[in-house]
Amino acid sequence: METKSTLRNLVGIVVGMFAFGWLLVPMYDVFCEITGLNGKVTGPSFLSEESKAITEQRELLVQFMTHNNESMPWFFDSEKSQMRVLTGNQYEATFVFHNTTSKEMVGQVIPSVSPGRGAEYFHKTECFCFEQQVLAAGERIELPVRFIIDPALPKEIGSLSLGYTLFDITDRVKSENKLANL
Amino acid sequence: MSTVVETHDHGHHGPAKGLSRWLFTTNHKDIGTLYLWFSFIMLFTGGAMAMVIRAELFQPGLQIVQPEFFNQMTTNHGLIMVFGVIMPAFVGLANWMLPIQIGAPDMALPRLNNLSFWLLPMAFGILISTLFMPEGGPNFGWTFYAPLSTTYAPSTVNFFIFSVHVMGVSSILGSINIITTIFNMRAPGMTLMKMPLFVWSWLITAYLLIAVMPVLAGVVTMMLMDINFGTSFFNAAGGGDPVLFQHVFWFFGHPEVYIMILPAFGVVSHIIETFSRKPIFGYESMVYAMASIAILSFVVWAHHMFTVGMPLAGELFFMYSTMLIAIPTGVKVFNWVATMFRGSITFETPMLFSIAFVALFTIGGFSGLMLAIVPADFQYHDTYFVVAHFHYVLVPGALFGIIAATYYWLPKWTGNMYDETLGKLHFWLTFISVNITFFPMHFVGLAGMPRRYPDYALQFADFNAIISVGAFMFGLTQLLFLFIVIKTIRGGKQASPEVWEGAGELGLEWTLSSPAPYHSFSIPPQVK
């Protein structure tokens, strides 16, 4: 009888730890959101009332970086590589997407702000990220990003880089559409 | 009347004959033997892969194998040595020794015990079979980081995942059995704080196993889903994160490295007290030290990934928590030294291996402390310095513990004494070659030689040639070990029940005859 209850407890631990392993996935996301780890841009697209109350402005450098993931063939770049900005003001940067292939493709961009601690002070009022871009063969478009740097940005951060990685999600979208049409 | 008793006396029948004895056995000694032989065969399999690696690295440039095959060799060498040699060997020792150290007739769940062993040949059969498939076996390193093991993996990765699942199930079942045995089957009078240290080390190890093997099962399942079912746990294109893989993997992986060393701590404690002819110094602190190491092992995992980009606070936390582990480990090392201090020491083979364990494991521990320093780690990361570090704790650490245990308990298992001269020869050849192999790795690592490549820059050529010669010496020497074990099984001086002078007072296993009878402690002994 003792054996049975020991056994039950141990199997319980095993099941619990298996569940915990899966729980690490949402926990990691929450953790990254709270700490700004990985530069995930999670701040709201507007300034908070406290930040608006800060009247002191300072100048800093915002740099743009673009990458193509794996074998994504599109041309993808920012019009300017960097901008000098004042905290609290809204700015616009333009990015160029060009589908250089002869077929229609779907792309998606994922942003990352570095240093990660600055991510929550990077407010994007308009962004093409997290939206799928469908480009016909040879099509070229320009899309804007409007952003405000929070005046509450810690003093020791003198520059921020906004990195964009462009992913080819054509196959993924196709298979999803197939599922939807079933 | 007496005839009636005899016909119903099933307690003393011997083992079944032929192959069915091994296939269907529920006897803890048989299963222990199976585990140990399995691990021995895997040692030579994984060892042969190490020889291929060292042959290729003997000179710069590509001579013997192609980079693709070299990657399969490093990956499978690691997987086999970790999951197929060190872990099964310790489970085998646990099967053999735990019941007779705590005065139990067998393990608590003998049939489950049979299952957990026979899952292992299946798991490794699957893993090794991938090497003969057209696409080749796993080639992404034993840590199988995503996306190397998902997006860029050969399709045989699915066999690898299944194999990891099976070996995980085997470990979990084995650990459940061990904990249940320890909690419910101790002889009357054996309180927890009277248990032999090997039993303690395994109780803690088994808890670590049931806590982290399910996490490993989870992470390989996520990989399986990413590869086959279109999920994006580790794929940034779908909103996942490859760094998450490293976090989940090392949440399993760091406790895993203590799973591989704690039972060796237990073994070495017994051997040092036996050959110093003194009871172990600081028994209670030994138990608490092992428990602290086990608990701390859950909060240090990110020291494997300092360079992925972590907030400063995270790097500091994991640096300090890692360094904290040196304290309980230091307690153990000092206790072993204090046990030897003013003891009447003799240097039989198991003692030689144990003393070498204490010295060389400490070297591995110190290089671990160096790696724990964040700024230093940025230089050492993924160099041969790391290879030197973990081979020092796993070869002269865990493996020396297993070899020492084999010499120490072989007379109890076989009833014959091993050849002491050959044993000492084995020790000295092993001790010298292990240092020739792994010590220069520190130098090339500090000079910047990266790990996992089939080729290297010319300035590393001399040290690599030395390392390879040491490795071939080490590999050949282990054939001598195989010879000694077989020779002892086949005959030798009859061993007395206590085997080692004065050992009779140190543990219940030495009160049994040598070889230990097939069924022992059917009537529980009384522990005072």
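Author: In this predicted model, the secondary structure of chain A consists of 3 helices and 9 strands. Read from the N terminus, the elements follow the order α-α-β-β-β-β-β-β-β-β-β-α. Chain A is more spread out than a compact globule, because its radius of gyration of 22 Å is well over the 16 Å that the globule rule gives for 182 residues. Taken along the principal axes, the box filled by the C-alpha atoms of chain A is roughly 75 × 50 × 25 Å. Of the 182 residues, 23% count as buried.

As to the sheet itself, 5 strands of chain A form an open sheet in the order E3-E1-E9-E5-E7, with mixed pairing. Its edges are strand E3 (82-86) and strand E7 (132-135) of chain A, each of which pairs on one side only. On average, and with direction ignored, neighbouring strands of this sheet are turned by 30° against each other.

For chain A as a whole, among contacts between residues at least 6 apart in sequence, 76% join residues at least 24 apart.

Chain A also meets a partner: 24 of its residues are in contact with 24 residues of chain B. Helix H1 (residues 2-35) of chain A supplies the largest share of the side that touches chain B, namely 16 residues. By class, that side of chain A has 15 nonpolar, 7 polar and 2 charged residues.

Technical notes
Residues numbered from 1 in each chain as written. Chains lettered and ligands numbered in written order. Predicted model: local features only at pLDDT ≥ 70, side-chain atom pairs only at ≥ 80, totals over all residues. Contact = placed C-beta atoms within 7 Å. Helix = DSSP H or I, 4+ residues; strand = E, 2+ residues; numbered from the N terminus. Nonpolar A, V, L, I, M, F, W, Y, C, P; charged D, E, K, R; others polar. Pairing = 2+ DSSP bridges. Axes fitted to C-alpha atoms, helices over the stretch in contact; angles between N-to-C directions. Rg over C-alpha atoms; globule rule 2.2 N^0.38 Å. Buried ≥ 20, exposed ≤ 12 C-beta atoms within 10 Å, placed from the backbone.
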